[in-house]
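Please read this briefing alongside the sequence and the coordinates. It opens with one residue and then moves through the chains by topic.

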Amino acid sequence: MSQNPRQGIGRLFRLRQEIPASIFSAAGFVVPVALLFLWWLITSLGLVKPLFLPSPGAVLEEGWRQLSEGILVSDASVSIYRILIGWLAATIVAVPVGILMGNFRIIEGALEPLISTVRYMPVVALIPLSILWAGIGDMQKVLILFLGTFFQQSLMIMDNVKNIDRNLIRAGQTLGFSNFEILYRIILPAALPGIWDTFRITIGWTWTYLVVAELVAASEGLGRRIMDAQRYLATDTILFGTLFIGLMGLLTDYLFKKSGRALFRWNNQSR
Amino acid sequence: MSTELKTKVAIDGVGKVFQVDGSPVTAIERVDLDIRENEFVSIVGTSGCGKSTLLNIVGGLDEPTSGEIRIDGARVTGPGRNRGFVFQSYSLFEWMTVKGNIRFALEKSTLGKAEKEELVRHFIQAVGLSGFENAYPQQLSGGMRQRVAIARALVYKPSILLMDEPFGALDAQTRGMMQELLLKVWEDHKVTVLFVTHDVDEAIFLADRVIVLASRPGKVKKDLTIKLPRPRSFELVTDPQFTVYKREILTDIREETLKVMALDRK
């Protein structure tokens, strides 16, 4: 460490201080690359059996195999379809429920204890019931994704709505707007950047529930592929599938961030 | 000083008790106050004396637990377009431009489109925001945002303007400019103003009357008429008479602060 904190590496470790943008983004690359290198080193030195940890090359090869055989595209499209329907179903219910809970104490009082309890129930444990209720088709997968997303999402949307400046509502009342008009012309647009961020976070969670959703009675899907690979101890398939789901999650996150920025140009925080 | 004597706002035995964790807390004990048409009244007091609560009750945003408010003789039962509100937190519609914010306030008006546009233009100019019509609030400084809020509160021609520490978040220089701007707007567009602040200089500089509220529970401790000439400019704060008023109000507030501190120690 340098003597003078204004110079050298000490410059990067000042409390809450800005660092050059180039160094900031470089740091984000260095860590995964270092891990990748470590992974490569361990496997190429033969420190661990490929059964426990296949080499990066083997995982890439597996990815290429899935892509060229068309497995990846068909798996991904099935999974993306389920994610979209499951998340949209949750969102369509969670948005009005969250908005109502955030604005009317009576509805918060009526629903919040219930939702707060249910959200701690393990979704995996609901698989048997979900099969009983929704069969073994796509509906069952969608139901699991819905259950994994909805409860957290509605509580987060309630908070998004509660976080807006209360005086905005008062201004609306003073200007002669009705409750309904205030709801959809003032509260909703004011809360929308927050709600959009909730969308971004919750669709990430929906992705993490994919494997759980495709745990049983599925023949296709990114999650299914991983569960099948377990049977044959195909660690490279497991690793590739996991990394790919992570990548898809990252991509959706990025799309929501980008679109949020375009939609809410007026908002400095989302810039 | 106001020469008209018609009562605009009658605050009649107004009290407010809040329920805090199930036990009643008296914010305002009993306030009786008559405000005349086009009068500029400042309300000062220690924090927690209920001055914002009183303003909210006049605005119809809060209900009194006792007494009533009458505006032009009619009892207040809720918010209405005869009153405009300016909050300390600006509270602008941030997804709308400057122009959009002000125009939104006219939406419930029955005026024609051209008249509305003309009013919007007039008030943007009155608060000195010409050239910023299409800016979004987050692109503006605090002082400019509060000017948008003032224009938004005045554009639909309310007869009463309620201001809750509107300049409290601004730096001293901007605050001084905003006070002069407010006086100018008030003189050009006759309107009755109720102005809550904890800044004694600001209260005297702006007002025809300064009301000092006693704390816990709030009631009127002093009703002081400010006989300083108008139009007023910033030099006024060095006027000997200004200092006399200031000393009197500060003494009252200090008394109240000591009382509250003694209460807190118990």
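In which strand of chain B does Leu161(B) lie? Leu161(B) belongs to strand E7 (residues 160–164) of chain B, where helices (H or I, at least four residues) and strands (E, at least two) are DSSP runs, numbered from the N terminus. The model is predicted, and local features need pLDDT of at least 70, side-chain atom pairs count only at pLDDT 80 or more, while totals for chains, interfaces and linings use all residues. Residues are numbered from 1 along each chain as its sequence is written, and chains are lettered from A and ligands numbered from 1 in the order in which they are written.

**Surroundings of Leu161(B)**

- Leu161(B) counts as buried because it has 23 C-beta neighbours inside 10 Å; a residue is buried if 20 or more other C-beta atoms lie within 10 Å of its own, exposed if 12 or fewer, and partly exposed in between, with C-beta atoms placed from the backbone.
- Leaving aside residues up to four places away in sequence, Leu161(B) touches Gly84(B), Val86(B), Ala153(B), Leu154(B), Val191(B) and Val193(B), where two residues are in contact if their C-beta atoms, placed from the backbone, lie within 7 Å.
- Between the C-alpha atoms of Leu161(B) and Gly73(B), which are 88 residues apart along the chain, the separation is 17 Å.

**The sheet of chain B**

- An open sheet of mixed pairing is formed by 10 strands of chain B in the order E5-E4-E1-E2-E10-E9-E3-E8-E7-E6, where two strands pair if DSSP finds at least two bridges between them.
- Strand E5 (74–75) and E6 of chain B stand at the edges with a single partner strand each, so one side of each is left without a neighbour in the sheet.
- Strand E1 (residues 7–20) of chain B runs antiparallel to strand E2 (residues 23–36) of chain B and is joined to it by 10 bridges; within this pairing, Val9(B) has Ile35(B) in E2(B) as its bridge partner.
- The hairpin of E1(B) and E2(B) has two residues between the strands, and Asp21(B) takes a positive phi near 50° there.
- E1(B) is also joined by five bridges to strand E4 (residues 66–71) of chain B, again in the antiparallel sense, with Gly15(B) partnered by Ser66(B) and Ile11(B) by Ile69(B).
- E4(B) and E5(B) pair antiparallel over two bridges, and the bridge partner of Ile71(B) in E5(B) is Ala74(B).
- In the hairpin of E4(B) and E5(B), with two residues between the strands, Asp72(B) takes a positive phi near 50°.
- Strand E9 (residues 209–214) and strand E10 (residues 218–225) of chain B run antiparallel and are joined by six bridges, and Leu213(B) has Val220(B) in E10(B) as its bridge partner.

**Where the chains touch**

- In total, 17 residues of chain B are in contact with 15 residues of chain A.
- Strand E6 (residues 83–87) of chain B gives the largest share of the side of chain B that touches chain A, namely four residues.
- That side of chain B divides into eight nonpolar, five polar and four charged residues, where Ala, Val, Leu, Ile, Met, Phe, Trp, Tyr, Cys and Pro count as nonpolar, Asp, Glu, Lys and Arg as charged, and the others, Gly among them, as polar.

**Chain A: fold, extent and confidence**

- Chain A has 11 helices and zero strands.
- The radius of gyration of chain A is 23 Å, whereas a compact globule of 271 residues would have one near 18 Å; the radius is taken over C-alpha atoms, and the globule rule is 2.2 Å times the number of residues to the power 0.38.
- The C-alpha trace of chain A spans about 75 × 65 × 30 Å along its principal axes, and 32% of the 271 residues count as buried.
- The domain assignment of chain A gives domain 1 (8–44) and domain 2 (56–270), with bounds that come from an automatic or database domain assignment, and the C-alpha centres of these two domains lie 30 Å apart.
- Val124(A) sits in the loop between helix H4 (105–118) and helix H5 (127–134) of chain A, and Val124(A) is partly exposed, with 14 other C-beta atoms within 10 Å.
- Chain A averages a pLDDT of 91, and 96% of the residues score at least 70, pLDDT being the predictor's confidence in each residue, from 0 to 100.
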